[in-house]
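Q: I am new to this one. Could we go through it together, a piece at a time?

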Amino acid sequence: MATEAPLQLTPLDALSEAAECLKIVAHPHRLRILQMLLQKDFTVSELAQACDLPSAMASEHLRLMQRCGFLTSEKSGRKVFYRVIEPHLKDLLKCVEGRFGVSETILSSE
């Protein structure tokens, strides 16, 4: 009788941290923001407009994702641009888009 290979499991403390970060991502506006930032850098006002949110609310979403280590920001003149720095988010968003679909949208720059 063949012996079974041992299960490969992630430590529970690491899974707890993962669950906290997944809670941050589990919001429709944050998913939209991540979709956008995975394609190019945006300012708070551009992200707020695309999500139909007040800038203060978009800033709060960005702050939460920065705190989790997903994003960084860089100042250019008077504007602050946000960028995804967590490489695994691309795969996560591909999974979401594969299951729930994606369509092309052109943002108006008013």
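This is a predicted model: local features need pLDDT of at least 70, side-chain atom pairs count only at pLDDT 80 or more; totals for chains, interfaces and linings use all residues.

Q: What is the phi of Asp-52?
A: The phi of Asp-52 is positive, about 55 degrees, although the residue is not a glycine.

Q: And is Asp-52 buried or exposed?
A: Asp-52 is exposed: its relative accessible area is 72%, and the cut-off for exposed is over 50%.

Q: On to helix 4, then. How far apart are its end C-alpha atoms?
A: They are 18 Å apart. Helix 4 covers residues 55-67, and its 13 residues should span 18 Å at 1.5 Å a residue, so the two values agree.

Q: Which residues of helix 4 are buried?
A: The buried residues are Ala-58, His-61, Leu-62, Leu-64 and Met-65. Viewed down the helix axis, they fall within an arc of 160 degrees, so they line one face of helix 4.

Q: What covers them?
A: The cover includes helix 1 (12-25), helix 2 (28-37) and helix 3 (44-51), along with strand 2 (71-76) and strand 3 (79-84).

Q: Which exposed residues are on the face turned away from the buried side?
A: That face of helix 4 carries Ala-56 and Arg-67.

Q: What about Gly-69?
A: Gly-69 follows helix 4, and its phi is positive, near 85 degrees.

Q: Changing topic: how many aromatic pairs does the structure hold?
A: It holds zero aromatic pairs.

Q: Where does Arg-99 lie?
A: Arg-99 lies over the face of Phe-100, at 4.7 Å from the ring centre.

Conventions: Residues are numbered from 1 along each chain as its sequence is written. Side-chain values use heavy atoms; hydrogens and water are left out. Helices (H or I, at least four residues) and strands (E, at least two) are DSSP runs, numbered from the N terminus. The expected span of a helix is 1.5 Å times one less than its number of residues. Buried means under 20% relative accessible area, exposed over 50%, partly exposed in between (1.4 Å probe, protein chains only). The arc is that of the directions from the helix axis to the C-beta atoms. Contact means heavy atoms within 4.5 Å. Rings of Phe, Tyr and Trp (its six-membered ring) pair if their centres lie within 6.5 Å; planes under 30 degrees apart count as stacked, over 60 as edge-to-face and the rest as tilted. A charge sits over a ring if NZ of Lys or CZ of Arg is within 6 Å of the ring centre and within 35 degrees of the ring normal.
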